[in-house]
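Biologist: Please take me through this structure, beginning with a pair of helices.

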Amino acid sequence: MLLDEYMDTLLTESAAHLPTKTTLAASLQTLLQSVSETPTNASPHSFSQVCPQQSNEQPEGVQALWQRLPNKMFPALLFDIAGVSVAAPLAELGGIHSYVPLQHIVGRPSWYAGYVEIKGQGINCIDGAKWLLLDTHLDKMAGSLHLNTTTDVIPDISYQPHNEYQYIVMLHESNWGIACHNLRDIILIDKDDVNWRDTNVKRPWLAGLIKQQMCAMLDTLQLTDMLDAGLSSNQR
Amino acid sequence: MTCSAIWTVANQKGGVGKTTTTVTLAGLLAKQGLQVLLVDLDPHASLSHYFGLDENDSVKGVFDIFTCSEKLTVDVIQPCIYASHIDNISVLPANMNLATLDGQLGQSPGMGLALKQALHCIKPWYDIVLIDCPPILGVLMINALAASSQVIIPVQTEHLAIRGLDKMMQSLLLLEHKLSKQFVKTVVPTLFDKRLRATASAYKALHQQYHQTLWSDVIPIDTHFRDASAAHMPASHQFPNTRGVRAYAKLLTYLQQHKVTIPHVVG
C-alpha cells in the first residue's frame, strides 16, 4: 500500500475509535471460531479439527512470500530456536506471548508442544526446535543411519528444549504459535537481501535465506498450512 | 497545572539518541515539578526497561490500549500506567508485542488516532506527555505524531544520519498535510564529538539544509548517559552537572519557549 493511502486509512477521523467494534468483530469472530474448535480439555477426537494427523494434503494456491510482501523493504522479527536464528515478516505475525506451561495432549505428534489459552486466545503451540529443525536433525541422522527422511520411520528427537522456551510467536491470525528461546531483534530487510527459494520444492515453509544475517526466513502462511494439514517440516 | 502538551521524540533512523533524549528531558521536566507521562512506543521497550518495567505479559501497557475492544476510558487506561521510582514521572510501557501491531491492525481505519484518543482521556493528570517512537514509520509512529503538537528529532551528527533525516522530514510533511496541522519541529544534533572533523562537516551540512528547524546548540557525546542508563536513572538525576545534561537543560529551555502549549505549574 502506498504511504499516502496507508496514512489516509490510519487517520480516518470517522472511524477513530481504535479497535472499533467493526474492525475487531471480524477478527474476534475468526478468533472465536478457532478457539471453539480448539478444546481446552482437548480429546483425541477433537484434535483432528485443529491439527489433523499426518496427511498427504499439500498447501495449494499460496502465493510466495516475496510476492505477498507489498513493499521492497519490510520489517521482520529475528528470533532464536535452539541456537538457530530464524526470521518472519512482522506483517505476518499475530503477536508474541511469554511462554507458559502448556497442556500436553496425548497422541499428538512430537512437534506439538501443547495447548494453552492466553488472554482468551486458544493457542496450539508447536515445539520450534522439533518442528523447524527436524530436517537438520534428520538429515544428520539419515546420513549416519542411511535412512530416507521422506519415506522411512522418523525416530523421535530426544532433545527436550521446551523447559527453556521463553516466547510463543503467533503465526498470522491463526491459532498456531511457535515456541522460541529468544527474541533477538527487529530489522528492516530489503527484498534484494534475501535469497528467495522456489516454494514448489521441499520445505515450502522455508521462504529463503537472509544474506547478511545468514538466517532462515519463514513463510508463515506455508507453515500454518502445513500445520493445519498435520505435516512435519520435512513433509509436503 | 493548566494544560498538557504532547511531545514526540522521533526519527526513522535508529541509534540517534531518541530514548536518551526522552528520558533526560523527562527528568529535567520532573525536576521542574511537572507531572510527566512517558509513553514507550518502541517494541524494543528500552524506555520501559529504563524504568524497571521489563517485558512481561502480566505488565499491561500501550499494546493493551491499542488492542482494547471497549471504548477507551480512564478506567481502561489507568491500569496500563505505572508510577516510576522517579518523582513526577509515570510510564506507559511497551513490549515486543507492539512489533506485531502493524500486521494485526496496521491497516484498520482510524487506528492512527488511537493514542490521541487515549491521551485525551488522561490529559488532565499530566502537564506533559513525552512519546518515544520506534525507528520505523508505521502505525506506532503515526499514532505518536497524530497525538502530538511538537516533534523533537534527534539526529546523530554524521552524514548517513542526515540522509535519514530527509526521509523523516518528508514523512512529517505528508502527515502535516493529512492532519491539517503544523508540527513545531526541532532537529537536535546528538552524539556530537568535537574531536572529529566528520562531525563538524556533518553539522555544517545539517545547518545548511535545516537551519529553520535546527536547534542552534548540540548534545555532546557523554559517557554519563550510558552510566545513567545502567543505573536505571535519568542522567538529570544521576549526573546533574555533566555537560550532556547541561546541554539537554538548554534544549529544554528552548523547547519550552518554542512550543504551542506551554505547561507551567500554578501555585
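Biologist: How do α1(A) and α8(B) lie to each other?
Modeller: They are oblique to each other; angles under 35 degrees count as roughly parallel, over 145 as roughly antiparallel, 65 to 115 as roughly perpendicular, and the rest as oblique. The axes of α1 (residues 3-10) of chain A and α8 (residues 159-179) of chain B cross at roughly 40° and come within 11 Å. Axes are lines fitted to C-alpha atoms, for helices over the stretch in contact, with angles from 0 to 180 degrees between N-to-C directions.

Biologist: How far can I trust the details?
Modeller: This is a predicted model, in which local features need pLDDT of at least 70 and side-chain atom pairs pLDDT 80 or more, while totals for chains, interfaces and linings use all residues. Residues are numbered from 1 along each chain, and chains are lettered from A and ligands numbered from 1 as written.

Biologist: Which residues make the contact of α1(A) and α8(B)?
Modeller: A:L3, A:D4, A:M7 and A:D8 meet B:L174, B:L175 and B:K178; contact means C-beta atoms, placed from the backbone, within 7 Å.

Biologist: Changing topic, how many helices and strands has chain A?
Modeller: Chain A has 7 helices and 11 strands, which are DSSP runs numbered from the N terminus (helices H or I, at least four residues; strands E, at least two).

Biologist: What is the order of the open sheet of 5 strands?
Modeller: The order is β3-β6-β7-β5-β4 in chain A, with mixed pairing; strands pair if DSSP finds at least two bridges between them. The edge strands are β3 (93-98) and β4 (112-118).

Biologist: How many bridges join β3(A) to β6?
Modeller: There are 5, and these strands run antiparallel. A:G95 has A:M170 in β6(A) as its bridge partner.

Conventions
Contact = placed C-beta atoms within 7 Å.
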